[in-house]
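Please guide me through the aromatic contacts in this structure. I have it open in a viewer and want to know what to select next and what is there.

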Amino acid sequence: MSTTWRGRWAVATAHPLFWPVIALIAMLVANTIYRPSFLSIEMRNGHLYGSLIDIVRLSAPLMIVALGMTLVIATGGIDLSVGSVCAIGGAIACLYISKQPDQNSVVGVLTALTLAFGLALVLGAWNGVLVAVIGIQPIIATLILMVAGRGLAQLITEGQIITINSSPYRMIGAGQLLTLPFAIFIAVAVALVIAAATRRTALGMIIESVGGNAEASRLSGIRSSRIIFLVYVVSAACAVVAGFMMTANVSSADGNNAGLWVELDAILAVVIGGTSLAGGRFSLAGTVLGALIIQTLTTSVYAMNITPQTSLLFKAVVVIAVCLIQAPAFRAKFGLLRRRRRPGPPPAAVAADPRKEEVPAT
Amino acid sequence: MTDPVVTMTAISKSFPGVRALDGVDFRLLPGEVHALMGENGAGKSTLIKVLTGVYGIDAGIVTLGGEQVAFTGPMQAAAAGVSTVYQEINLLPNLSVAENVFIGREPRRFGAVRWGEMRRQARALLARLDLSIDVAAPLSTYSLAVQQMIAIARAIDVQARVLILDEPTSSLDATEVTQLFKIMSQLRDDGIAILFVTHFLDQVYRIADRITVLRNGRLVGEYLTTDLPQLALIEKMIGKELDVLERIEEQQPKRTARQGGTPFLQATELGRKRSVEPFSLTIHQGEVVGLAGLLGSGRTEVARLLFGADRADHGQVTVDGKPAALRTPAAAIGHDIAFSSENRRTEGLVGELTVRENIILAMQAARGWLRPIPRRRQDELVARYVQALGIRPTDPEIPVRNLSGGNQQKVLLARWLITEPRLLILDEPTRGIDIGAKAEIQKLVVQLSDGGMAVLFVSAELEEVLRLSHNVAVMRDRQLVTELVNDQDLDADKVMQAIASGSREVTA
């Protein structure tokens with residue numbers, strides 16, 4: 001083994017996204033071994049179909065919620081209310097559309113979206129005020145809306161599931177554009193907008209500064225509370241877009257179940273993507289990867305016919321594995337092992353993980 | 001000669017972009033006070049952290065009591081008898097004093113902490129240091145100096161064979177230093193090996209038996225204190241002819257008072273309850289006002305009020321003769337006021353951001369996030385100040401927490417200098433940094449004020465205040481007691497007198 005090869009390996013493993021990428025690849029490989037047709041994509045009626053496309057489409061709402069969550073977590077906060085905001089947004093939009101004489105009217109749908117989006121901004125501002133102005137700890141402040149918001153969503157739907165029949169609205173969740181699911185375009189657009197807003201301006205650095213050291217940031221003249229307020233509004237805005245997708249996909253709004261527990265998956269996606277819960281440096285690409293990993297996992301659970309009773313356990317084991325290989329302390333031990341065994345091909349050592357993960361599956 | 005209790009052989013340690021230690025040898029004998037000397041970034045802190053297992057080493061051998069050791073962390077090192085008190089106090093402000101002393105090794109019975117016993121032992125231990133305080137009160141209620149003593153108490157309580165004191169005196173006043181030295185001598189006589197790091201040369205000559213000098217991560221040599229005159233020591237530390245020292249001497253010892261014209265900033269009866277009594281202070285363009293006083297006399301509080309870091313509840317401020325509301329740092333920055341805090345780690349730098357990002361932070365904050373500073377302009381500005389202030393290492397893309405204390409201070413200065421303030425408030429800008437960097441910062445202050453910038457210079461070192469200031473404001477017990485013109489007659493003794501007596505009459 002040449003030293004440059006080793007050097008390159010060291011550089012690659014030091015990259016924060018290295019282990020998430022490996023985890024995703026490992027999962028795709030495991031799926032392909034189980035079912036060789038997993039990777040195939042075919043054209044039917046002008047649309048592309050395949051497991052990979054499904055994974056990306058189904059991960060879109062989670063990805064959008066997680067992107068907003070990334071900014072909140074980067075400031076050292078957390079937003080538990082995103083699931084409730086999904087439900088409220090979806091419910092408002094569906095309720096408005098269901099009252100329209102012509103549910104297929106584009107103007108009607110756009111009005112519904114605007115209404116729901118506006119309400120989500122208000123909800124985000126509520127969180128922002130509680131955290132940034134009043135100074136309540138984020139986990140408590142957003143817990144309020146997480147609990148109350150579910151109730152609000154059920155009030156809006158009057159405890160029923162609102163079913164609509166609106167093809168423009170359905171487009172958001174289940175439509176197709178240029179052979180691909182429309183939801184993918186929305187997710188990509190949200191990712192690009194957030195990336196541009198944080199990395200093309202100084203917002204990203206300022207968020208990282210506030211999350212890294214709030215007092216030092218304040219003494220540098222950063223209006224920390226404005227930034228913190230802003231990220232909760234952005235998070236709610238992302239959540240409502242995801243809520244549109246979820247409800248549009250099934251053409252109905254269920255105040256009780258829409259977006260249920262999505263906050264937990266979103267937090268997980270952010271953490272898998274390498275953003276620290278303590279705040280500071282954040283990675284949007286990491287979050288996108290994290291969301292893909294979680295959805296791949298869910299899809300695998302179905303594809304491999306794992307019984308529902310064991311699927312949560314299976315998920316938990318994989319998540320633990322992904323988090324462990326990212327932990328510096330664990331990697332240090334892992335690295336020692338590798339050094340002692342001398343230059344065994346490192347990817348083999350990594351591939352050992354998915355094999356371990358399969359144990360509870362069998 | 002007794003066998004060394006600690007030997008370190010050919011130690012090397014690198015960080016991304018920094019070669020912190022390069023083949024350094026070091027030994028520590030029982031019953032001695034051994035001073036580890038060197039400029040900022042010479043590798044002193046790294047050597048200590050290697051010894052206590054905070055960092056692993058890339059190469060080399062560490063032995064303790066003749067056996068090779070590789071501690072995995074300070075707890076393990078402490079259990080083996082190597083205790084450390086770090087430069088930045090590593091205590092937990094929201095826990096009680098007793099909890100801080102015994103954290104991790106609380107007296108227990110059946111797994112439950114014996115709180116009464118813990119408090120009793122803590123009181124006994126602090127009594128050894130002549131410190132009689134309420135051990136049940138939260139640590140944050142005590143001053144930095146007292147916190148430092150508590151950190152030392154914690155370190156000596158474990159059955160220590162080796163006690164490492166990293167800059168223990170930088171936040172202590174003269175009496176407290178004497179107190180500390182008494183304890184150090186006592187511990188030395190008990191056979192404990194003490195490793196002492198400081199930037200105060202006179203303290204080295206007061207207490208140390210031997211001296212090891214590092215420079216740029218390499219060993220320069222080990223000497224008996226009696227064999228190494230002070231000038232020779234400085235030469236070995238900075239590794240060049242004494243031009244740095246000469247530069248300090250060159251600086252005119254007295255600066256002609258500069259008054260008249262509209263004051264840049266005028267504070268009238270400005271105050272804040274439980275922080276500082278109402279005071280009045282005037283600062284003109286191009287004037288350096290020194291703020292002298294003992295630790296805890298309210299120096300920092302005055303600085304924070306003028307910057308809006310704390311909100312005043314009394315009095316007014318005018319800037320350029322017009323009333324100004326300095327309610328937040330952002331507002332003060334809007335009036336071209338800058339503030340470099342004494343706590344650079346907690347109130348100054350954002351550790352995980354890079355040197356570049358830290359330097360542009362204030363300027364970017366003033367512009368607002370919608371108007372990012374173009375990257376090329378950032379690189380230009382950063383390169384200019386990295387060069388002008390001699391920030392090492394020169395790579396602006398490494399996290400600022402990887403820099404040594406003095407270089408971090410320079411990064412903080414650079415952050416404010418690029419905003420081109422008209423009033424620069426410096427709170428202990430030379431605390432805990434080496435003589436070369438100190439001289440550079442003092443020189444910089446003179447240059448800036450000659451260029452028309454107003455400077456409020458807060459320092460515990462009277463010589464420094466006197467060397468730089470046109471006027472010296474004296475603080476005592478959270479009151480501004482008097483303001484002295486730094487003319488031919490003013491010397492450290494007179495300022496000291498003003499601090500001690502605290503009345504206007506004596507100095508008048």
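A residue is called buried here when its relative accessible area is under 20%. The model is a predicted one. Over all chains, a search of the whole structure gives 3 aromatic pairs.

Start with Phe181(B) and Phe196(B). Their ring centres are 6.0 Å apart and their planes meet at 85°, so this pair is edge-to-face, the class for angles over 60 degrees. The two residues are 15 apart in the chain and the pair links distant parts of it: Phe181(B) belongs to helix α6 (residues 174-189) of chain B, and Phe196(B) to strand β10 (residues 193-197) of chain B. Colour by accessibility: Phe181(B) has a relative accessible area of 6% and is buried, and Phe196(B), at 0%, is buried as well.

Next, select Phe307(B) and Phe339(B). This aromatic pair is tilted, with 5.3 Å centre to centre and 40° between the planes. Here too the pair links distant parts of the chain, 32 residues apart: Phe307(B) lies in helix α10 (residues 299-307) of chain B and Phe339(B) in strand β18 (residues 337-340) of chain B. Phe307(B) is buried at 0% relative accessibility. Phe339(B) has a relative accessible area of 2%, which is under 20%, so Phe339(B) is buried.

Ring pairs join Phe307(B), Phe339(B) and Trp416(B) into a cluster.

Now move to chain A for charges over rings. Select Arg44(A) and Tyr49(A): the charged end of Arg44(A) sits over the Tyr49(A) ring, 4.8 Å from its centre. Finish at Arg199(A), whose charged end sits over the ring of Phe282(A), 4.2 Å from the ring centre.

Notes
Residues are numbered from 1 along each chain as its sequence is written. Chains are lettered from A and ligands numbered from 1 in the order in which they are written. This is a predicted model: local features need pLDDT of at least 70, side-chain atom pairs count only at pLDDT 80 or more; totals for chains, interfaces and linings use all residues. Side-chain values use heavy atoms; hydrogens and water are left out. Rings of Phe, Tyr and Trp (its six-membered ring) pair if their centres lie within 6.5 Å; planes under 30 degrees apart count as stacked, over 60 as edge-to-face and the rest as tilted. Helices (H or I, at least four residues) and strands (E, at least two) are DSSP runs, numbered from the N terminus. Buried means under 20% relative accessible area, exposed over 50%, partly exposed in between (1.4 Å probe, protein chains only). A charge sits over a ring if NZ of Lys or CZ of Arg is within 6 Å of the ring centre and within 35 degrees of the ring normal.
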